[in-house]
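This briefing goes through side-chain contacts, strand pairing and backbone angles in one structure. Please keep the sequence and the 3D view open while reading.

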Amino acid sequence: MTTPLKGACLIGQSGGPTSVINASALGCIEAALASEHITTVYAAENGIRGVLSDRLYIMDLEDPYELSLMKYTPASAFGTCRYKLKDFIVDDTDYKRILDTFRKYDIRYFLYNGGNDSMDTCSKISSYLNQNNYECRIIGIPKTVDNDLLGTDHCPGYGSAAKFVATSCMEIYKDAKVYGTGSITILEIMGRNAGWLTASSALATYKGLGPDLIYLPEIYFDLADFIADVSSIFEKKGDVLVAVSEGIMDKSNTYISAYFSDLTKNTDAFGHSRMGGLAAGLASFIGTKIDTKVRGIEFGLTQRCAAHLASGTDIEEAYAIGRVALEVALAGATDQMVGFERIPGKEYQCRIKMFDLIDVANDEKKIPREWINAAGNGLLPAFIDYALPLIQGETKMLKEDGLPRFANLKKIMTT
């Protein structure tokens, strides 16, 4: 076992929030506060942007009770960002600022909670610090409702979002049929290049109250086939419920949402197109082909912030992986991401496993083709077996006057 470093710990949050990202932060913070080797615990305001601008919160000054409520508080408690670091060989300006901040506060443990791009950020910072002989242990903590990080069986945040999607689909299914006059409902669900979250709508279908058709980015989308699929089910049932991933593409790798709006006008710091409008566009298109009531519903941010419906399993795993991230850093691990490995067996079990950041950064895990039906418009039992355990259990969120009681942090700055 490597001797723990003596120094401060810094945690940051990055990318799109989830309903359990703060549970991971809490696990890490509580473990750091309890360690004799950690001198001070900081949290960066708005992720790596806070490190660059020297805006850090002092966690040692927070009320322990308010901190504990982070376990059931959605979104990013310290703020987040989408900021792409350039290769330091090309431009090391940001890296010099990061190193200055680390030296100023004697940061010896840096834990970054995010998705693919965040793991890339960790890997780049680790390489730069190594080249500059600054000893700091860097660990990535996974987070994404997209569930697309390589290596790990699943990502914290996915189970809760999947539970919300499946539940919402069941509720919409019931509502869509009340008039008995026929209708088509298109549900747009998050997922740019991987369809894990959209696939979770199949959990509702598994219960007999879900989408008739499910379209994922893993399978090329064809409008003619889509209309044929919808028409066939409409003729048989009179009502059709369809789930589509926001990132479905045609065979030329053009986003279907680009058929209805210009995605090039709105991109993030990593050059990703900001999605949206697909359900409305497809609903309008279907309305020209089939004479019935058609509506498009975009789930939007509700998918990732619905903490009131969070999975108990997801919450506890998110908290545990945050604690372990700090523990393995103290034990000497660096330049790695904590993740999950599923243990084979009838009962669901996962163990925490380490993955090299370089293997995780900037790549994506897709749904296996063998989990998707032959027609490419639905999921098979293998996916249900995978996803169902992840949505189990209920949140223990505190309520006041019938409404959630979220963490209220002081957020005292260093400067």
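Which cysteine sulfur is closest to the sulfur of Cys155, and how far away is it? The closest one belongs to Cys350, at 11 Å, which is too far for a bond. The model is predicted. Searches of the whole structure find 18 aromatic pairs, 14 salt bridges and zero disulfides.

**Cysteines**

- A disulfide is a covalent bond between the sulfur atoms of two cysteines.
- The search for disulfides returns zero.
- Cys155 has a relative accessible area of 0%, so Cys155 is buried.
- For Cys28, the closest cysteine sulfur is that of Cys9, at 4.7 Å. A disulfide needs the sulfur atoms within 2.5 Å, so the sulfur of Cys28 is too far from that of Cys9 for a bond.
- Cys28 also counts as buried, with 0% relative accessibility.

**Aromatic pairs**

- A pair of aromatic rings is described by the distance of the centres and the angle of the planes.
- Among the 18 aromatic pairs is that of Phe88 and Tyr95, with 5.3 Å centre to centre and 75° between the planes, an edge-to-face arrangement. Phe88 and Tyr95 are both buried.
- The ring centres of Trp196 and Trp371 are 6.0 Å apart and the planes stand at 85°. Planes over 60 degrees apart count as edge-to-face, so this pair is edge-to-face.
- Trp196 belongs to helix H7 (residues 196-199), whereas Trp371 is in the loop between helix H13 (357-360) and helix H14 (381-387). The pair therefore ties together parts that are 175 residues apart in sequence.
- Trp196 is buried at a relative accessible area of 2%. Trp371 has 18%, and the limit for buried is under 20%, so Trp371 is buried as well.
- Phe102, Phe110, Tyr112 and Tyr134 are linked by ring pairs into a cluster.

**Charges over rings**

- Tyr134, a member of that cluster, has the charged end of Arg108 over its ring, 4.2 Å from the ring centre.
- The charged end of Lys71 sits over the ring of Tyr319, at 4.6 Å from the centre of that ring.

**Salt bridges**

- One of the 14 salt bridges joins the side chains of Lys104 and Asp54, with 2.7 Å from N to O. Lys104 is in helix H4 (residues 93-105) and Asp54 in the loop between helix H2 (48-52) and strand E3 (56-58), so that the pair links distant parts of the chain, 50 residues apart.
- Asp54 counts as buried, at 17% relative accessibility.
- Arg108, whose charged end sits over the ring of Tyr134, also forms a salt bridge with Asp106 at 2.9 Å, N to O. Asp106 is partly exposed, with a relative accessible area of 29%.
- Salt bridges with shared partners join Glu66, Glu400 and Arg405 into one network.
- In the salt bridge of Asp92 with Lys96, the closest N and O atoms are 3.8 Å apart. Asp92 has 25% relative accessibility and counts as partly exposed; Lys96, at 45%, also counts as partly exposed.

**Strand pairing**

- Strands of a sheet pair through backbone hydrogen bonds, either parallel or antiparallel.
- Four strands form an open sheet in the order E7-E8-E6-E9, and the pairing is parallel.
- Three bridges connect E7 and strand E8 (residues 239-245) in the parallel sense. Ile214 has Ala243 in E8 as its bridge partner.

**Positive phi**

- Most residues other than glycine have a negative phi.
- Asn46 is not a glycine, yet has a positive phi of about 55°. Asn46 is in the loop between strand E2 (38-44) and H2, and is partly exposed at a relative accessible area of 29%.
- Asp335 is a residue other than glycine with a positive phi, near 60°. The loop that holds Asp335 runs between helix H12 (312-330) and strand E10 (336-342). Asp335 is partly exposed, with a relative accessible area of 26%.

Notes
Residues are numbered from 1 along each chain as its sequence is written. This is a predicted model: local features need pLDDT of at least 70, side-chain atom pairs count only at pLDDT 80 or more; totals for chains, interfaces and linings use all residues. Side-chain values use heavy atoms; hydrogens and water are left out. Rings of Phe, Tyr and Trp (its six-membered ring) pair if their centres lie within 6.5 Å; planes under 30 degrees apart count as stacked, over 60 as edge-to-face and the rest as tilted. Buried means under 20% relative accessible area, exposed over 50%, partly exposed in between (1.4 Å probe, protein chains only). Helices (H or I, at least four residues) and strands (E, at least two) are DSSP runs, numbered from the N terminus. A charge sits over a ring if NZ of Lys or CZ of Arg is within 6 Å of the ring centre and within 35 degrees of the ring normal. A salt bridge is a side-chain nitrogen of Lys or Arg within 4 Å of a carboxyl oxygen of Asp or Glu. Two strands pair if DSSP finds at least two bridges between them.
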